[in-house]
Structure formats: C-alpha cells, structure tokens
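Please read these points with the structure open beside you, and look up each residue as it is named.

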2 protein chains.
Amino acid sequence: MTDQPQVLIGGRWRAADAPTGSFRAEDPTRAEAIGPAFPVSGATDVEAALVAASTVAAELAATSPERIADFLERYASAIEGDAETLVALAAAETALPAEPRLRSVELPRASGQLRQTARAVREHSWSDPVIDTASGLRAHRAPLGKPVLVFGPNNFPFAFNAIAGSDFASAIAARNPVIAKAHPSHPATSRRLAELAHEALLAADLPAAAVQMLYHFDNELGVRLAADPRLGAIGFTGSRAGGLALKAAADTAGVPIYAEMSSVNPVFLLPGALAEDAEALAATFFASCTMGSGQFCTNPGIVVVPQDAAGDAFVTRATRLFAEASPRSLFSRGVQDNLARAVQGLTTAGAQVLAGGDIGTGTGYRFQPTLLSVDGIDFVDDKGALQAEAFGPVSLLVRVDGDAAFAAVAKALEGNLTGTLYRAADGSDDALWGSIARHLRERVGRLIANRMPTGVAVSPAMNHGGPFPSTSNAGFTAVGMPAAIHRFTVLHSYDNVPDALLPAELRDHNAAGAQRRIDGRWTHADVGADA
Amino acid sequence: MTDQPQVLIGGRWRAADAPTGSFRAEDPTRAEAIGPAFPVSGATDVEAALVAASTVAAELAATSPERIADFLERYASAIEGDAETLVALAAAETALPAEPRLRSVELPRASGQLRQTARAVREHSWSDPVIDTASGLRAHRAPLGKPVLVFGPNNFPFAFNAIAGSDFASAIAARNPVIAKAHPSHPATSRRLAELAHEALLAADLPAAAVQMLYHFDNELGVRLAADPRLGAIGFTGSRAGGLALKAAADTAGVPIYAEMSSVNPVFLLPGALAEDAEALAATFFASCTMGSGQFCTNPGIVVVPQDAAGDAFVTRATRLFAEASPRSLFSRGVQDNLARAVQGLTTAGAQVLAGGDIGTGTGYRFQPTLLSVDGIDFVDDKGALQAEAFGPVSLLVRVDGDAAFAAVAKALEGNLTGTLYRAADGSDDALWGSIARHLRERVGRLIANRMPTGVAVSPAMNHGGPFPSTSNAGFTAVGMPAAIHRFTVLHSYDNVPDALLPAELRDHNAAGAQRRIDGRWTHADVGADA
C-alpha cells in the first residue's frame, strides 16, 4: 500500500487513509491496465479533504486577487512547460490523439483558460461591485466561504479536469478552496496536474490546502458528500444519471450544484443550405461527429434533414463516410457498453441503422462510427427514447417533410447545450429559420448558425450551459469568464458600514481600479470623484 | 357560487372552475370573518392558469422592453391613484396601521419598486449583453420562455404581494408570464391589485394572459404544481416549512426556485456602542422589534448583549419597554399559534422570559411584545432550538461575557438575511467588529452597521437574500433592481448568427442604446464604432 500514489489533502501529498480499494488506468486501445494502482478513497480521506479545505476557506477568501491571478498564471505556465509529459500521460490513458488534439488543441485551451481566468481576476470583472450612495448600501459578489467540490469528466483530461478545468479555475478565481475528484479514467494525468497546481500554489504563497485532489471514491460516498452543508457549491460534468443523483443530494442540503449532464445538440439542415453543397456539409458533419471519437458534450447527436433531393444527397454521402470509417477508440469499457446500449435503445425505438451499429473489429474499447435514421413523425411520437444521448461517434438523422415538420421536431426537443441551424447565404432559409428558432431558442443554451456544435470557445460570450436536463440551471455557463465564476459566488451587501470596515473593492477609494457601478453608472473612478 | 369573487386566468375574470372550497378574510383585531367568500382553486383552475400563461410566454418574450416598462409605470400610477381603496382593504384584512405603514410607507414602496423596475427595463440593465467580436459569439440574459409562479407572503399586502411585489415585478421585467398565488390572509387587497394589473396590461397592449391570479389553493396542489416542468421558475416568500416543501418538489423537476424563508437577523451590540447610549439603543431596538407587530423577515430576533454595566442598562430599559407595551395584533390565528409555539420552544430550550410571553388581554389575534434572555454559552450549546424563528414581536437576548463569546455566538448562527453590529463612533469597537464580522459575514446576506435590520431599501445594492436556509440560494436577492430580475432569466448565447437574425439588443447597431460589454469594455456604442 505504501508505494501507491499519494492523495493531495491539506496541502501535502500523503498516502490514502483507509482506502476502500484500488484501481488502475487502462490503455483503451488494448483494454489493458497501465500504470500504478491508485487508491479509491474512503470516508476518512473525504472527511479529511473537507475539513482541510474548510479550514483555509476564510484565509483564502481574504487573500488578494493579485495572488490568485499569480497562481493561475504560474499554473498555466507550468502546464505549458510540462506539455510533453502531460500529453504522453493523457494519450496513454485516453487514446485521444496526441496531435493535434491533446498537444495543440486541448492543452493550450486549458492553459489559456487559466490565463483568461487570471485576467478576469485582475480586472475584478466577476464581482460586480455596486455602490448606491443615497441609501448607504454597497454590494458585490463574494467568495462562498466554503469549499467547492469538483467532479471532472472522462472526456477532457486537461480542459475539464477537476484539478485544471473551468470549474476548478472558476472556483479558485472566486477565492474558494477546491476538493477535486478526478475522473478514474485518467488518474496519472490528474496526478501530474495536481503536482503542478500544488507547486504553483506554494510559489504564489497561497494556502497550500486551497486544493485537494482525490483520484476516486465510490458513488455512494459522492452522494453523501454532496449533501454535506459544509460545502459551498458543487461543479459536475458527466452523465445524466450521475448528475441527477448528486443534484438530489445537494438540493436537500441547499448546496448549489452546477451539473452539466447530457445533450444531443440538434443540428437543422435547412433546404437552401443543403442545396448549396450537401456533400461538403456531410463531410463537415462526419468530422464533427467522429472527432474525439464523438466523446463530446456538444457532439451533433441529432441531425434534422429534409426529405428532398439535397437531403438525400447529404444522407447518401454521410452514410458512405460513416460506413467506410474504421472503429474509433473509446475511453473505457463503461463508455463502450453504454454506447452499445444507447444504440440498441434507438433501434428499439424505431431508428434504422444506416452505417456502423456495433463495436466492429479491432482491439480495445471501440465503436464503429454509426449513423441512424428515423422519420420526423416517428421521432415526435417517441421523442423521449429517440433523443437519449449516445455518447460516442453516433448520430441520428431525423428526416422531415416540409417546414411544419422541422418546427415539430424543434418543439419535441428537451433542453440541450446547443442547437444549430445551417442556412443559405442568400437568406432564402430565413423564414424557416424563424419558425424553427422560435422553438429551438428556448430549448438550448447556445444557438449556432452554420458551424458544428463541437468546439467550445473560451469566450466571455460563450454559454456552455442549457435548460434542464442538459444542465441543472439554465442561468449559468460552465465555460467563459467572468460568467462561469458567478457560479461559485454569493451576493454580499453592506449597509451603512464605515469605509474602513468595507472590503477594499467597495471603499470610496478605488485602489484596485475595479470597474464599479456607482449610482447607476459603470466607472473606474473613486466614489465622489467627478465623472 | 356564482357571486363568488372571480379568478383571473387567461386574460379574463371568471368564476373558479371546480373550486375545492372557499374562505373569507378575517379582521385580525376581532378574529371575525369579513368580506365575501373567496374560492379555493382546485386542479382545474391551476392547470388552466398554467396553460394560459404558457400559451403567451413566447409572445411576451418577444414583446418590446418599452411596452413592459409602460405596463409597470401604468400599474404603479394605478396603485397610487387607488391608494384610498387599497389602504382601506389592506388595513381591514391585516390590521396593519393605515398610517404611516400602509399609506405612507408600503404603498409608495410598492409603486416605487414598480417604477424602479421599469427604469431597469428601459436601461436594459438586467440583461448584460456581451459581444465578443473575435469569436463571433454574443450572449445576454433572456426571458425564461415559461411562466413564473409567485407565492406571496402574509406580511406585505402591497410590496411583496404575489401580484404587485418584487417577485412579480422581476418576473414581468424579464418578460415572463406570471401565475400569482395570493396569500389567503388578504384576498380582497390582492383582488383589487389584480384588477389594476389587468387594466394596466390591457392599456399597455400586452397579452392579457401575461398575468393570472388565484386567491388560494391547498399546499398539496402547490407542491404538485411546483414540480411541473412547464414552469420556468418559482418565487416564494413565507415559512421555512412551506419553502422547503416547495423547493424539494421544484428541485426534482429542475425548476429553479427562489425561496425566502426564515431569518432571525442577529444584532450584536458592541460594548463601546452600548456605552455611548444604552437607553437610546434599547428604544431603537424596541421600535424595530414591535413595528408591524414584528411580522417582518428582517425582524431583530436575536440581540447579543455583553454582560457589563451598559449591557445591563440596555436590558433593563428594553425589558421595561416590552413589559409596558400592550399586545400587538397579528395577521391570523395561524401566526398567533405559531408564535406561541415558538416562544414555548425557546423557553423549553432554556430561555428566560423577561417580559411578555403570551397573548395577553384584548380581542383578536395578538401577542405581547416578548423579550427573552439566554446565556451565550447556553445559546451555543443548543443553537438549533434557540435560533428558531419566532415570527412576531419577540426577541431573544443572548448575554455574552467577553470578546471570544461574541465570536462564538456568531459562529453558531445559521444562514440569515441580515446581521447587524452596533459599533462606537470612536472606532474603539473595531477590533471586536473584525473578530465577529469574520464569522458573521459568511452567514448573512446583508451586513449592517448601526441600523436595525427592519427597513429593506429598494436599491441596486440591496441584498434581500442570504445563505441557506434563510433563502434557497445565497447568490440572489429578492429586492433591488436589476439584480432581483436575474432570478427569472436564462443565459442565451448566439454563435456565428447573422446580424439580422439576432435579437435587437445584440445586433451591431445598438438601436436601444443599451449598455453592452463589447470585447471587454462597457459601452453604449455600436459594434465597430470607435470608442
């Protein structure tokens, strides 16, 4: 047991205390265990992590934004400096391509996100200071004063890692301690990131216990932890079943939970757009659906295609591309089994398999790029079963006859992260756009024109969120600064409090140069200064 | 049945359909029924209200902000113009003083709040438009696209009425239809307000079904409705038990609920402040605790007083004021019974009654102004029972010996709306302020210096919210524009959408002159204009 990888609790690496088991990562391409046996933490570790994080919450809340930003930037640089090691670990554990995906796309995205977060911290752009001189009231968004528990997903070993992704960065930006629960499909990657985070914390002179990292604990323990009122909030990215179980637990304790769960990301191909170049659209769609083996929250899982000649050409071309493609690696046996079940569920509900449909030949965890089709009327009739997420390189074509059928499909959709419409450049689709978007808009977080939904830019105008049950609350985004930080804050008002006893950000003298709303006007000026 | 007051559903007044019973208001000062028998709505009315509101959600979401603001201002003027009738109805149903409370304080506050909301609508200050030209992403806060269900409380017949208060105004400001569930203790007041709202809607040329109003329905039906996914959100002001039951239901359906529940609003009297004028402080405290018969969410229910000479002087004076006061009218038998039970609970937990303690002599629903006392050590030992809310003119003194005891009481507190510290003008209390505020700050929404917590200014820097269980989510306020509006919005992002297909607020040309964050800078300019 003593040479097991150590967990990070209370500012130091130490052996897991009373673990309930151990697990190893797997090479998904061979379905074989690799690397050391990592501990599955038990209640002792979880309690220790919660106590350690709680203990430094007040100190961290009182630290300077500059120190937080310094940490985020040091950590970003450390990740970039360690890219070769990180990419090698992640590639081995996830079977995602080292190039371009891990090295040129995801790793820079992760470090860039940390830097954007640092910028939001330096600019005070998340705390929305409001000063009302007439009433003597001043308010801003403040740290929770309690730890944030972050559950990382399997599909982004860097950019959504519990110890490096947007939830982590957002929670730390608001000066909250973090308890990171890594995903068990990439423990060595998570350990390396945690080492870098730990070193950056020390270098930035932040409390070492600001960050804890456990490799894994079982679901029952997770649910129990989620209901602990000592938590300030929870960030979760993963399955709908997992997210709903944690949400039910957190809700009983009044712990805010921001869960990003499942999404089929409907794509509507309008007739004019298809007529422009159906075959090119098919290629774009195929690339989006199979990139990363389709293991994205924003994978285009449903594509609505008219029953016309251009629609047929699209389907023919797409079917060929899917049929000719070799099986794609999946993260784990769990992902493979769930995907097989999901495809089975779609066919049971009446979808026809046009290409793929099973794991195909080869080694390791895998699935064939799979295209299914169903008539729009049947989709609406069995809308529950036919919009169940199939996490992997799988998409369901929904064939519709006429404009009303497009709108009927839009109305049948559950909450999703994204909804996409491809329209003709000449505007000829725009009346139809209106009749679909009217229903689609309220069912999605991000409405997209003429781009596939995969690819989530880290932008202040991004919404990586959507109506329940795609996420737990459509008012918040998991990506994009400063908005993502708001999830991990509370509102603090000060009433008649003397200047010297206010937090620096709300004092008359605007020492940090924050942007503040004073008597209704955004300004960088001191209170009382002329405009 | 046919001459029963009508309910407002789908834009018209009509008889309740299949009501489950009827009820009458009471004159609390005589405990006698007054006015007509109002219907208790059953499932048929509730379903009709939900369908009617849902049907106009899209139309209302697409209406212009100007029209919404026009409605809010017309409604405000109508309330002011109808003041004599409204005040007479509310005074009869609540026993609150017509003057100054109802006519000069609460009614202007309610109409002023509607006007502030109109201003926030005209200024687009709630929707936070963000434009990122580099990525082609644009985002803003948008209507829910579904109805908001508002439960009004018993204690503010105007300013928190389900059909006129902050929840109502916030929901309509974000262009959401409302289903108002009035409080059964003031049905005639609510009916009159609903008539004015209905007329203002028609005059402003808004969909008549934007507002429904039911006088009452039973708790079981309320819980079932709260779990209906056709709702966009719920606003609730009332008891902890009621709020938690609705929250549990709403949470299962992913319906965001903003529940303001209970709060004891601790007040810490620091030694220097007491030494300045203990007797004046006692009078201020007595007035705050008994105003409105103490039936406020921000009533000072706990006062922490040092065991020193000035503390003793405060207690002596306060005890005399409470003891000499006559019983105060309460809203209903329910309020009276709950208050008697709460005082019993405090004494069972070890508190001593210094003054009052029961209903006293007189007619109607009432309770004596009641002052209790407990030692700080005992308070911490039985902190659950001793900080249960006693809704009425009741307060518990907590006597503490030394600075550490002050902090220990602060640490023992649950989430509250407010926390108050009285400090000496010469700064001599400020070290102690720090050691208390360190714990108090994270347990309250609004931190107050040298003012009693009663009196909630309608200000953009107000936080009428607080940590669970005082409210359901410490990130939001129920009072203060534009922040209160955020509760009833979702985040919408647009990705690569052509200018003509964007909502007006996000187009290049800033026709409405909204304040927008373009590439990180707040501006009123068009996209592409030089700064």
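1. Basis of the note. This is a predicted model, in which local features need pLDDT of at least 70, side-chain atom pairs count only at pLDDT 80 or more, and totals for chains, interfaces and linings use all residues. Residues are numbered from 1 along each chain as its sequence is written, while chains are lettered from A and ligands numbered from 1 in the order in which they are written.

2. How the copies are related. Chain B can be superposed on chain A by a rotation of 180 degrees with 0.0 Å of shift along its axis, and the RMSD is 0.0 Å; the superposition is by least squares on the C-alpha atoms of residues with pLDDT of at least 70 in both copies. The two copies are therefore related as by a two-fold rotation axis. The same surface serves both copies, since 100% of the contact residues of chain B recur in chain A. Among the residues of chain B, D251(B) comes closest to the rotation axis, with its C-alpha at 3.4 Å.

3. The interface. Two residues are taken to be in contact if their C-beta atoms, placed from the backbone, lie within 7 Å, and on that basis 51 residues of chain B are in contact with 51 residues of chain A. Several elements of chain B each supply at least two residues of the side that touches chain A, namely strand 5 (130-132), strand 6 (137-143), helix 16 (430-440), strand 20 (444-449) and strand 21 (489-495). Helices (H or I, at least four residues) and strands (E, at least two) are DSSP runs, numbered from the N terminus. Strand 21 of chain B gives the most to this side, with seven residues. The residues of this side of chain B divide into 25 nonpolar, 16 polar and 10 charged, where Ala, Val, Leu, Ile, Met, Phe, Trp, Tyr, Cys and Pro count as nonpolar, Asp, Glu, Lys and Arg as charged, and the others, Gly among them, as polar.

4. A sheet across the two chains. Two strands pair if DSSP finds at least two bridges between them. In general, strands of a sheet pair through backbone hydrogen bonds, either parallel or antiparallel. Here 12 strands form an open sheet with mixed pairing, in the order 23(A)-22(A)-5(A)-6(A)-21(A)-20(B)-19(B)-12(B)-13(B)-18(B)-17(B)-15(B). Strand 23 (521-523) of chain A and strand 15 (352-355) of chain B stand at the edges, each with a single partner strand, so one side of each is left without a neighbour in the sheet.

5. Two pairings to look at. Strand 20 (residues 444-449) of chain A runs parallel to strand 21 of chain B, and three bridges join them; I448(A) stands opposite D495(B) in strand 21 of chain B. Within chain B, strand 13 (residues 302-306) and strand 18 (residues 394-400) pair in the parallel sense over five bridges, and I302(B) stands opposite L396(B) in strand 18.

6. Domains of chain A. The domain assignment of chain A gives domain 1 (46-261 + 479-485) and domain 2 (267-449), with bounds that come from an automatic or database domain assignment. The centres of these two domains, taken over C-alpha atoms, are separated by 32 Å. Their contact takes eight residues from domain 1 of chain A and eight residues from domain 2 of chain A.

7. Backbone details to check. Most residues other than glycine have a negative phi, and most peptide bonds are trans. The peptide bond from M481(A) to P482(A) is cis, with omega near 5 degrees, and P482(A) has its place in the loop between strand 20 and strand 21 of chain A. The peptide bond from F468(B) to P469(B) is cis, with omega near 5 degrees. R175(B), which is not a glycine, has a positive phi of about 65 degrees, and D519(A) has a phi near 50 degrees, a positive value in a residue other than glycine.

8. Buried or exposed? A residue is buried if 20 or more other C-beta atoms, placed from the backbone, lie within 10 Å of its own, exposed if 12 or fewer, and partly exposed in between. R175(B) counts as buried because it has 25 C-beta neighbours inside 10 Å, whereas D519(A) counts as partly exposed with 13 C-beta neighbours inside 10 Å.
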